[in-house]
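I opened the file to look up a few backbone and surface details. My notes follow in the order I took them.

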Amino acid sequence: MSKLVIVGTVAFDAIETPFGKTDKILGGAATYIGLSASNFNVDAAAVSVVGGDFPQEYLDLLKNRNIDIEGVEIVKDGKTFFWSGKYHNDMNSRDTLVTELNVLEHFKPIVPESYRDSEVVMLGNLHPLVQQGVLDQMTTKPKLAILDTMNFWMDIALDDLRSVIKNVDVITINDEEARQLTGEYSLVVAARKIHDMGPKYVVIKKGEHGALLFHLGNVFYAPALPLEEVFDPTGAGDTFAGGFAGYLAKTGDFSFENMKTAVIYGSTLASFCVEKFGTERMENLTDKEIYKRLDQFKSLTQFDIELN
């Protein structure tokens, strides 16, 4: 089993959807990635920063899921990163109402010594210079470096983003971001251009329409499971990334064939995330539930056809 380093925000979110709203609740990319990856019992460490206002119970939640939190810096006199958003009726688009960087503004990640030889590094959505700073701390080159990013960094730090993209093996972004990064409408062409930037594998997330995996001209598509109820899409992309990275860290197999399975695991876990607000659904997820849903995915995509 490979060690896994997870870098990203541990934060407060306040969310409003057509189904209700929350006060400040647990959120952040590293939180969702970590909770998702913990379903694979991997040796994982979170690297992030919180303020003195961050409840111990949230840190204990991560510890209880066997996520090492030595790399989570606590700035006693600081405030934790806070994001608030409101989703539209289609649940695919949202408005950001509040973003308070707080302690994240001057965050310099420190990877614990015992994890600097990790085989898998999952770089959650942060400034590209912060992501590169993590790679620079690794004493041995990771066997698999995965990067998630967003259009915000393409708007304000494109050169830095391009620089760190050169140094990763996998990039996970959504379809809108893939088009912005490459200037191409076709996702097949966009994936090829991103591949030319450095990553061997390109994962393009399409929300309720599934995910695409590209590698050297090969394409794999995983649908999203049709759900009766979607309460909150927040963190679904990070949950996907956590399932993807967690499965690969557990198996230690970074081939295209195994990445297909990793995409299915990522999609499966993301399908749970959206069923309740925030991290609530992910906190008490059982292996039995995961395997039952994997079986649903299998039924959804498997068919026999005679080609004459």
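Which residues form a nonpolar patch on the surface? I found F303, I305 and L307, with about 420 Å² of accessible area together. I kept in mind that this is a predicted model.

I then placed L307, which lies in the segment after α11 (287-301). L307 has a relative accessible area of 77%, so I list L307 as exposed, the cut-off being over 50%.

Next I looked up the sheet. I read an open sheet of nine strands with mixed pairing, in the order β6-β5-β1-β9-β10-β11-β12-β13-β14. The edge strands are β6 (67-75) and β14, each pairing on one side only. From one strand to the next, the twist averages 15°.

β1 (residues 3-7) runs parallel to β5, with five bridges between them. In this pair I noted L4 opposite A44 of β5.

What lies across β10, β11, β12, β13 and β14? I found helix α9 (residues 256-273) there, running at about 20° to β14.

Last, I looked up positive phi values. N41 is a residue other than glycine with phi near 55°. I located N41 in the loop between α1 (29-37) and β5 (43-51). N41 is exposed, at 55% relative accessible area.

L216, also not a glycine, has a positive phi near 50°. I placed L216 in the loop between β13 (211-215) and β14 (218-222).

Definitions and conventions
Residues are numbered from 1 along each chain as its sequence is written. This is a predicted model: local features need pLDDT of at least 70, side-chain atom pairs count only at pLDDT 80 or more; totals for chains, interfaces and linings use all residues. Side-chain values use heavy atoms; hydrogens and water are left out. Patches are made of residues with over 30% relative accessible area and no salt bridge: like charges are joined within 9 Å, nonpolar side chains (Val, Leu, Ile, Met, Phe, Trp, Tyr) within 5 Å. Accessible areas come from the Shrake-Rupley method with a 1.4 Å probe; for residues, only the protein chains shown count as cover. A salt bridge is a side-chain nitrogen of Lys or Arg within 4 Å of a carboxyl oxygen of Asp or Glu. Helices (H or I, at least four residues) and strands (E, at least two) are DSSP runs, numbered from the N terminus. Buried means under 20% relative accessible area, exposed over 50%, partly exposed in between (1.4 Å probe, protein chains only). Two strands pair if DSSP finds at least two bridges between them. Axes are lines fitted to C-alpha atoms, for helices over the stretch in contact, and angles run from 0 to 180 degrees between N-to-C directions. Contact means heavy atoms within 4.5 Å.
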